[in-house]
Amino acid sequence: MLPPAAAAMHRSLRACRRLGSCAALLAHPPPAARRGPPPRAAMSTQEAFRIEYDTFGELKVPSDKYYGAQTVRSTMNFKIGGVSERMPVAEGKLNDHFPLVVWQTGSGTQTNMNVNEVISNRAIEIMGGKLGSKNPVHPNDHVNKSQSSNDTFPTAMHIAAAQEVNEVLLPGLKKLQNALEAKSKEFSQIIKIGRTHTQDAVPLTLGQEFSGYVQQIKYGVARIESTMPRVYQLAAGGTAVGTGLNTRIGFAEKVAAKVAELTGLPFVTAPNKFEALAAHDALVELSGAMNTVACSLMKIANDIRFLGSGPRSGLGELILPENEPGSSIMPGKVNPTQCEAVTMVAAQVMGNHVAVTVGGSNGHFELNVFKPMMIKNVLNSARLLGDVCSSFTDNCVVGIQANMDRINKLMSESLMLVTALNPHIGYDKAAKIAKTAHKEGTTLKEAAIKLGFLTSDQFDQWVKPKDMLGPQ
């Protein structure tokens, strides 16, 4: 049995570990622990390595690192991708002590043991023990007590995903939604020509056009939020295969309650631990919602950059903020770079979702073994989408202006205003007016009078863009 101080440290470490924030605890240990020596990383060492053992034998472990033998063995077996592919750490303060890459065992066992070893050795150090001794705090017997990588890793996956969604993704989306809504209202009285199939269509207001973007983002927020009840379900307590072997009755519920208390998010224990370990449908669902958001953002960003194309030879209906030089060879050129960033992020999120889908479909028997890859992509998508929405809002959307001269010119020249004549002279005659005007380079009014289908007064009475904006 652990001494009281060690037991308190162990409980705190284990609770914080479930949040994926052991780094924060190690940087700010509880009062009883602060009496211990400073972190090993800040101390000088005479020997470069210490000898530790796992069930496969002896290994050299860097003396200034909190990790142990199993972490070292993983670095030997999975030299894939380098530093950029490392498993993320909550605060980044102890990155050097978490050297493992995402591309490892599909259960995340090696990262789980990496965390166990770091917590164990830091606790040992605080209590004046010897790093690597596993005494008085053992990485398996104590830190991993009542747990398995198979339930702790998916628990961390869900916690991390939920926090990223609530702290980055949803705030970014709502910020963009509000900015687009403000523009929709600002542009509500500006009548412009619509376009379908990229060709001229009937009029609408610029505000109506932007209202479509607002609704897309609003639905995106709702889609993300609708997935979260399943993400808030935690696998902790299922241990190896979902039965809860080596735990106590009530353990799973207490873990979920503590995580909910620490995060302020409504986490609960998963009602079926077999599903929670063997499948990650909740994260596939979340990724799918983010994929839909990416589709929305691709459409919105493309529309805005095309409407802002020019300044002399494009559509030019919108004037976009000028943020930086656009060319290394063409002086004075400015490009729609924020729109380009949005579309690149959207493409990446779509690719991430393909990987998450493949990973989620490969849960074999009692365990899905694509866990590290899946959460890497889910977190990447949530962070990229949230960040790009905020950037797009601040550096583009809030500064968009309507180019009234260009909007009015294009609308007045559009052949599709002829649609207003359908109820009066019929589709066939209206089509002949449009084709004649286009062929001869005249206005619709001139073509209509020439063909004898209506008078000048009738044309002015029937063809009014402001009367073409909705049902009569």
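So, to start: is E322 buried or exposed? At 65% relative accessibility, E322 counts as exposed, where exposed means over 50% relative accessible area, buried under 20%, and partly exposed in between, with a 1.4 Å probe and protein chains only. E322 sits in the loop between β7 (318-319) and α11; helices here are DSSP runs of H or I with at least four residues, strands are E runs of at least two, and both are numbered from the N terminus. C396 is 74 residues away from E322 in sequence, yet the two C-alphas are 8.6 Å apart.

Quick housekeeping. This is a predicted model, where local features need pLDDT of at least 70 and side-chain atom pairs count only at pLDDT 80 or more, while totals for chains, interfaces and linings use all residues. Residues are numbered from 1 along each chain as its sequence is written, and side-chain values use heavy atoms, with hydrogens and water left out.

On confidence: pLDDT is the predictor's confidence in each residue, from 0 to 100. The chain averages 91, and 90% of its residues reach 70 or more.

Now the inside. A nonpolar core, for us, is a set of buried Ala, Val, Leu, Ile, Met, Phe, Trp, Tyr and Cys residues joined through side-chain atoms within 4.5 Å. The largest one has 70 residues, and F210, I224, F267, L286, M290, I304 and F392 touch the most other members. Helices α6 (149-186), α7 (206-231), α8 (251-263), α10 (281-307), α11 (337-360) and α12 (371-395) each put in at least two residues.

Take F267. Leaving out neighbours within four places in sequence, its contacts include H158, I159 and A162, then V231, Y232 and L234, and also A256, V259 and A260. There's a second, separate core too, with 20 residues, M411, V418, A420 and A430 among them.

Which elements do the buried residues of α3 pack against? They pack against β1 (49-54), β2 (57-62) and α4 (109-126). The helix itself covers residues 69-77, and its buried residues are A69, T71, V72, R73 and S74.

Next, a hairpin. Strands β3 (191-196) and β4 (199-205) pair antiparallel over 5 bridges; two strands pair if DSSP finds at least two bridges between them. I191 stands opposite T205 in β4. Two residues lie between the strands, and H197 in the turn has a positive phi of about 60 degrees.

Last, charges. A salt bridge here is a side-chain nitrogen of Lys or Arg within 4 Å of a carboxyl oxygen of Asp or Glu, and the count comes to 20. In α6, K183 and E186 are 3 residues apart, about one turn of the helix, and their side chains meet at 3.1 Å, N to O. K183 is buried at 7% relative accessibility, whereas E186 is partly exposed at 49%.

In α8, K258 and E261 are likewise 3 residues apart and form a salt bridge at 3.5 Å. K258 is partly exposed at 35%, and E261 is exposed at 57%. Elsewhere, salt bridges that share partners link K192, R195, E209 and E317 into one network.

Technical notes: Contact = heavy atoms within 4.5 Å.
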